[in-house]
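Morning, everyone. I have one structure for you today. Take a look at it first.

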Amino acid sequence: MNEMTAFKFIPVTPHPALSPYVAKIWVFESSGRLPVEERKLIVPNANLKLTLTYRNGIAASVGDKSFLQREHELTLTGLIDIPVTLDPSEDLRTGTIIIEFNPLGAYRFFHLRYTEVKNEIADLTALMGRRAAALRSRLGETDDIAGKLQLLQDFLIRELEGGEADLIYDHCIQRITATTGLITVAQLEK
């Protein structure tokens, strides 16, 4: 008889400075791979996600592309509009921190066109250079999850403080969100 894989999602409240930009933060932990008959496709929600796999690794399939996020790597999952499958890379305990950005946050932190990362899982160091490499190094040296969450949020707060707001973009996103997408381009233009 196979032992059942245990897994849990732990929600984390974002720092108040990040709450206008972050849809949610959570920690995902599992005791190993899910049995094949229990694996499910993850339905995309069109939000960019910053992911740190702090224990084991994650193998992902996005359409016909395969991605491997190794332990202590930071990745940015772009706008995904096709189903995704995820599984620990090894049948071992796995731990991942995921920060999901709302549309306002995705633009504010990463200044990417959605087409640059559409249906991709990109190495954050390749996108952001030395700042992301330094963060990755510090995360690898930190043992506890609370410390890793603090480092990630501190990094994002510094990025927020160092960047300039695009007031027109911010206003448009806020209006679209407030009307649940039921505003016309002509109304936004006014």
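This is a predicted model: local features need pLDDT of at least 70, side-chain atom pairs count only at pLDDT 80 or more; totals for chains, interfaces and linings use all residues.

The chain has seven helices and nine strands. Of its 190 residues, 42% are buried. Now the contacts with a separation of 6 or more: 73% of them join residues 24 or more positions apart. The accessible surface is about 11,100 Å². Carbon and sulfur atoms hold 56% of that surface.

Next, helix α4, residues 130-141. It has twelve residues. From first C-alpha to last it reaches 17 Å, close to the 16 Å expected at 1.5 Å a residue. Which residues of α4 are buried? Ala132, Leu135 and Leu139. They cover an arc of only 60° around the axis, so they sit on the same side of α4. The general rule is this: an α-helix has 3.6 residues a turn, so residues three or four places apart point the same way. What covers the buried residues of α4? The cover includes β3, β6, α3 and α5. On the face turned away from the buried side, you find Arg130 and Glu141, both exposed.

Now strand β4, residues 58-62. Its side chains alternate. Ile58, Ala60 and Val62 point to one face and are buried.

β4 pairs with β5, antiparallel, over five bridges. These two form a hairpin with two residues between them. Glycine 63, in the turn, has a positive phi of about 60°. β4 also pairs with β7, again antiparallel, over five bridges.

Follow serine 61 across. Its bridge partner in β5 is serine 66. In β7, serine 61 stands opposite threonine 85.

Definitions and conventions. Residues are numbered from 1 along each chain as its sequence is written. Side-chain values use heavy atoms; hydrogens and water are left out. Helices (H or I, at least four residues) and strands (E, at least two) are DSSP runs, numbered from the N terminus. The expected span of a helix is 1.5 Å times one less than its number of residues. Buried means under 20% relative accessible area, exposed over 50%, partly exposed in between (1.4 Å probe, protein chains only). The arc is that of the directions from the helix axis to the C-beta atoms. Contact means heavy atoms within 4.5 Å. Accessible areas come from the Shrake-Rupley method with a 1.4 Å probe; for residues, only the protein chains shown count as cover. Two strands pair if DSSP finds at least two bridges between them.
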